[in-house]
Amino acid sequence: MKASQFFISTLKETPNEATLASHRLMLRAGMIKANASGLYTWMPLGLRVVRKVEHIVREEMNRSGAVELLMPFVQPAELWQESGRWEFYGKELLRVNDRHDNLFCLSPTCEETITDIVRKEINSYKQLPINFYHINTKFRDEVRPRFGVMRAREFVMKDAYSFHADYESLVRDGYQPMYDAYCRIFDRLGLDYRPVAADTGSIGGTGSHEFQVIAESGEDVIAYSDASDYAANVELAQTLPLSGSRAAPAAALEKVSTPDVKTIAQLVEFLNVPVETTMKSIVVEGENEGELVLLLLRGDHEFNDIKAEKLAGVKSPLTMAAPEAVRAAFGADGGSLGPVGFAGKVYADYALEKGADWVIGANENHCHYTGFNFGRDAAEPEFVDLRNVVAGDPSPCGAGSLKLTRGIEVGHVFQLRTKYSEAMNAAFLDKNGKSQIMEMGCYGIGITRIVAAAIEQNHDERGIVWTDAMAPFNVVIVPMNYKKSDTVRQAADKVYAQLLAAGMDVLLDDRDERAGVLLNDSELLGIPHRIVIGDRGLQEGVVEYAHRRSGKTETVPVDSVDTYIRTALGNG
Ligand code: ATP
Ligand code: MG
């Protein structure tokens, strides 16, 4: 491709709407342009990267035996009503009416559509297993679209759905091959990633993994063992009950005045006590109307709402109790709450089980208790896992302790089991002619998010640093004075033709710009291999090669530059 026939629109200034490096660099490199919040146009340069990612994903999906089809972006409400998600999906689902006033939605995912196809097309065990996939636009009306294409409203996803006669087949023929294909995809893309166990929500079980690209800026936190393969999203990573016996109470229960103390930080400062001796109270709605459940955690621990939602007697989705209801049940407001005198169900985090002499809200505004002890001052609660793990916690796998890191979720494999096939009656006749509900798995990859995640991991102060697999162009030829020097132009055209003939993705930057602009742009765009051709070098028959990632530069005879580049590309 010649730059003069392409479209390059780099920016010198850093756009100030972008906080994340990848977002900034994508805008500066002219890969994307915003049309509205969470809506982007992929400019020609950016689209080339998207296509490279799609190509690798498609190859590996096909290799794994998945079959490509293409489902519609606009989907009828009836299917979503049938699965129950028309209500449940909430505001992320964009609903639209057609001219006949029929209701539709813009596809955020395709379980309903594919299940509808499969129940019509497949009726015998002989047609199973099958795994269908497509690569298509999705729309989710995200509460907070941000970080450019990382969390957009419209984005491109590869989604696959497998159907099986039984659970063994789901794991053997669907989940595991997809897990393996995802590893190959992220390996080929050259990403530093980690598959981590993830929450399965209402489906239960352990059949879900997220593929997380390791990045400081990631929205997810991952816990992993320093002594085994164990890795899980902190949403899921379990804490273990403490061993040993409980310390004996040493202090009497004493009410102390704590005016203007609303937070744990204020409490710790006001009473001058270690935060590890304080307890915080969270009040949520119970399963039955009007019931409240009290959840207790150590003051310095972070509440895990996904764990709380799964507790018996707690309303799902998790709902914080209204301030009036709290006042009626406890006689005090948030900030002064505790278990003393509360008659309802109380769950306490494992970390509270072995301690004594706690500081806790006294159920009287502006008052706390010191010297609180379970069993003596209030009934023993039920001890459960309620908090996020912290670095240093023992790994739930039994080996080593946990470390934390941040990640960007780029893929997700999930054992759906019969959630959709049951709701939508996707059944088949088994060997004995008996009707059975299909087992189902779903597998997503955020194609456009991968582009941003890769840049988060691969950039420096000068710009993007692409791997050969994802680069919009593998090689850029930068001629000095292409317009004015015949020698340079002829040499550049010749090398360009040679590299094209060798089947390379090569950009000849023949724009009429100063040398500095061309060189800076080649680094901003992150093209892995660069050849600079100038009059001075040509007098000696050489050009200058530069490798973007290592910064290595070398003088190469112009006559052998094509073999040189071929070798460089072969080596990645
Ligand atoms: P998240 O927790 O980031 O919202 P999700 O759990 O909603 O993700 P899935 O429903 O599993 O995501 O979708 C599959 C993949 O689609 C994700 O792994 C991610 O790579 C991508 N994806 C999801 N939401 C967005 C978005 N708003 N913008 C870009 N990519 C997205
Ligand atoms: Mg989401």
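Okay, let's start with a side chain: Arg511 makes a polar contact through its side chain with that of Asp509, at 2.8 Å. By polar contact I mean N or O atoms within 3.5 Å, where within protein one must be able to donate a hydrogen and the other to accept it, and residues adjacent in sequence count only if both atoms are side-chain atoms. Quick housekeeping: this is a predicted model, with local features needing pLDDT of at least 70 and side-chain atom pairs pLDDT 80 or more, while totals for chains, interfaces and linings use all residues. Residues are numbered from 1 along each chain as its sequence is written, and side-chain values use heavy atoms, without hydrogens and water.

Back to Arg511. Its side chain also has a polar contact with the side chain of Asp521, at 3.0 Å. Arg511 itself sits in the loop between strand E27 (506–508) and helix H13 (515–525); helices here are DSSP runs of H or I with at least four residues, and strands are E runs of at least two, numbered from the N terminus. So is Arg511 buried or exposed? Its relative accessibility is 17%, so it's buried, meaning under 20% relative accessible area, with exposed over 50% and partly exposed in between (1.4 Å probe, protein chains only).

Now the rings. The whole structure has twelve aromatic pairs. In one of them, Phe6 and Phe473 have ring centres 5.5 Å apart and planes at 85 degrees, so they're edge-to-face. Pairing needs centres within 6.5 Å, for rings of Phe, Tyr and Trp (its six-membered ring); planes under 30 degrees apart are stacked, over 60 edge-to-face, the rest tilted. Phe473 is buried at 1%.

Terms used:
Chains are lettered from A and ligands numbered from 1 in the order in which they are written.
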